[in-house]
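Please look over the sequence and the structure below before reading the report on its sheet, its helices and its chain contact.

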Amino acid sequence: MVERMLIGAGAGYSGDRIDAPIAVVRDLKASGGRAAIIFETLGERTLALAQLRRRDNPALGYEPKLKPLLTPVLKDCVENRIAIVGNFGAGNPPAAAKVIADLAADQKLHAKIGVVTGDDMLGPEGIEVLRAASNDLPDDKSLVSANAYLGAQPIVEALGEGADIVVTGRVADPALTLAPLIHAFGWGYDDWHRLGIGTMAGHLLECGAQVTGGYFADPGFKDVPEPENIGFPIASIERSGAFVIGKAQGGGLVDRRTVAEQLLYEVHDPAAYLTPDVTADISNASIIEVGKDRVRVDGITGHQRPDTLKVTVCYDGGWLAEGEISYYGPNALARARLAADVVKKRSPKDIRIRCDIIGVLSVLGDDGGAAFADLDSFGEPTRDVRLRVAFAGNDKALVERGLQEVEALYCAGPAAGGGIRLALRPRIAATSCFIPRSAVTPRVEIVEARP
Amino acid sequence: MTRLELHALAHARTGDKGNRLNISLIAYEPALYPLLLLHVTEAAVAMRFIHRKPSSVKRYELPKMHALNFVLDDVLDGGVTQALNLDSHGKTLSFHLLGLRVPVPHELARYARRAPGAG
């Protein structure tokens with residue numbers, strides 16, 4: 001009987017460090033025990049972008065970095081029975097499975113790939129369910145993606161059928177970790193206490209380096225060793241649910257500060273962290289350093305899972321344009337403000353517009369412009385500023401017209417503006433709703449790769 | 001009594017979901033936690049983020065972690081898919097909270113962190 005399992009994180013988001021899984025797999029392999037590695041590569045809108053790629057080409061729509069992420073570690077994982085669990089299937093898990101199967105064949109491996117689907121709600125029946133659940137969805141032709149957050153169960157099923165790799169679309173991020181634990185230890189689907197613990201272990205792992213010194217360094221206050229080479233996290237979890245967060249070799253650190261920041265990341269009510277599998281509860285959690293880069297978290301529990309599943313719906317969000325121009329030297333700030341005023345006066349009235357002055361006030365301000373109107377109370381007078389103007393609207397021509405007014409600052413704006421950069425891109429909007437569990441049917445398929 | 005930025009007393013991280021922002025605030029030392037409880041109230045945080053017009057600010061207490069968790073509603077101009085902000089996630093805002101100055105009694109000031117070379 002397995003008493004302890006190691007789970008490492010190979011990626012915490014789609015843009016993560018591509019070489020991170022290598023050190024994680026090296027350490028999992030050296031441990032010799034039961035192990036898995038998870039890859040979390042789906043943000044709120046990542047899936048919509050994947051759907052757009054799939055529309056252009058039905059063979060695409062999975063995580064674009066899938067191949068570079070898996071190529072250096074696939075052989076070691078398959079040969080050492082280190083399960084790979086990833087939501088890198090994104091908008092097209094079967095296509096991702098095919099890529100992985102080809103990669104395995106190239107590396108002369110015999111591998112079983114579990115493919116989890118059923119999260120996609122964009123079919124006619126799915127849309128009907130969504131409309132029954134929410135009154136404020138856009139019309140059908142604006143919809144780009146709608147995916148329900150699946151739980152651990154279909155992943156456990158795939159592992160039970162012997163999958164070496166499990167590829168999913170939208171699943172709750174912590175389920176990537178919880179599933180191999182349920183599979184290894186046989187935890188019940190109503191063992192809320194241990195499901196709560198496993199879910200929060202998954203929560204700590206799912207953002208990769210964010211628990212091992214990534215997104216943490218504040219020089220002189222919170223220093224991080226070798227931040228250019230952070231070892232990604234590896235959790236050691238026991239059958240009882242007790243767990244310790246550690247990390248792969250390399251830089252970074254794990255201590256009570258890094259674990260506290262990540263434990264509360266994106267958490268609202270600490271007593272009710274909702275997932276498809278359990279309502280996790282960290283209101284009584286305590287964090288204990290048990291060794292160098294080894295932290296235990298006690299006091300986590302769980303309660304009954306919610307009755308509904310969350311669905312993220314993405315739809316056509318119109319256009320976003322951004323233009324920037326720099327001003328330097330005496331009276332730079334006044335010239336930048338004048339330029340903002342000129343652009344505002346000349347831009348179309350039917351689009352949203354926002355101005356910032358980078359170097360004085362650029363992220364704290366509000367879209368309504370209240371903070372910008374109060375600019376003098378923010379920064380010290382400065383001689384190196386950059387005006388940023390952002391426009392948004394559904395009419396591409398109007399948004400472009402606004403952007404053109406930034407470009408025209410070269411010859412017609414205040415003195416000595418330089419370094420104009422312009423960008424225009426389509427935007428994906430997102431909303432969410434909650435649907436009955438019975439409306440979602442997860443499916444598991446096994447694909448075999450042979451050399 | 002001296003007035004210090006929270007940055008010297010605690011660390012923080014934000015997370016976003018839609019138009020809702022959470023900010024954790026974690027005391028560097030357990031001894032500093034009561035000071036956070038006393039001064040970093042829902043009202044103080046609402047005032048700190050006045051330009052973002054939060055519709056509500058809720059504070060959760062985690063005494064065993066000597067941490068607070070704040071949930072601010074409707075402060076992200078619609079959130080990552082709607083806002084015109086450069087930082088539409090609100091990721092930078094943890095350090096805006098850390099810029100808040102609070103009174104620190106002398107007996108607790110020794111726990112405060114100082115930048116290297118700042119005496």
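Predicted model: local features only at pLDDT ≥ 70, side-chain atom pairs only at ≥ 80, totals over all residues.

Residues are numbered from 1 along each chain as its sequence is written, and chains are lettered from A in the order in which they are written.

In chain A, ten strands form an open sheet with mixed pairing, in the order 11-12-8-7-1-2-3-6-4-18; strands are DSSP runs of E of at least two residues, helices runs of H or I of at least four, both numbered from the N terminus, and strands pair if DSSP finds at least two bridges between them. Strand 11 and strand 18 (443-449) of chain A each have a single partner strand, so one side of each is left without a neighbour in the sheet. Strand 4 (residues 111-117) of chain A pairs with strand 18 of chain A in the antiparallel sense over seven bridges, and Val115(A) stands opposite Glu445(A).

| Helix of chain A | Angle with strand 1 of chain A |
|---|---|
| Helix 1 (residues 20-31) | about 165° |
| Helix 8 (residues 175-185) | about 155° |

Helix 7 (residues 153-160) of chain A packs against helix 8 of chain A at about 45°, with axes 8 Å apart.

Between chains, 39 residues of chain A are in contact with 30 residues of chain B.

Definitions and conventions:
Axes fitted to C-alpha atoms, helices over the stretch in contact; angles between N-to-C directions. Contact = placed C-beta atoms within 7 Å.
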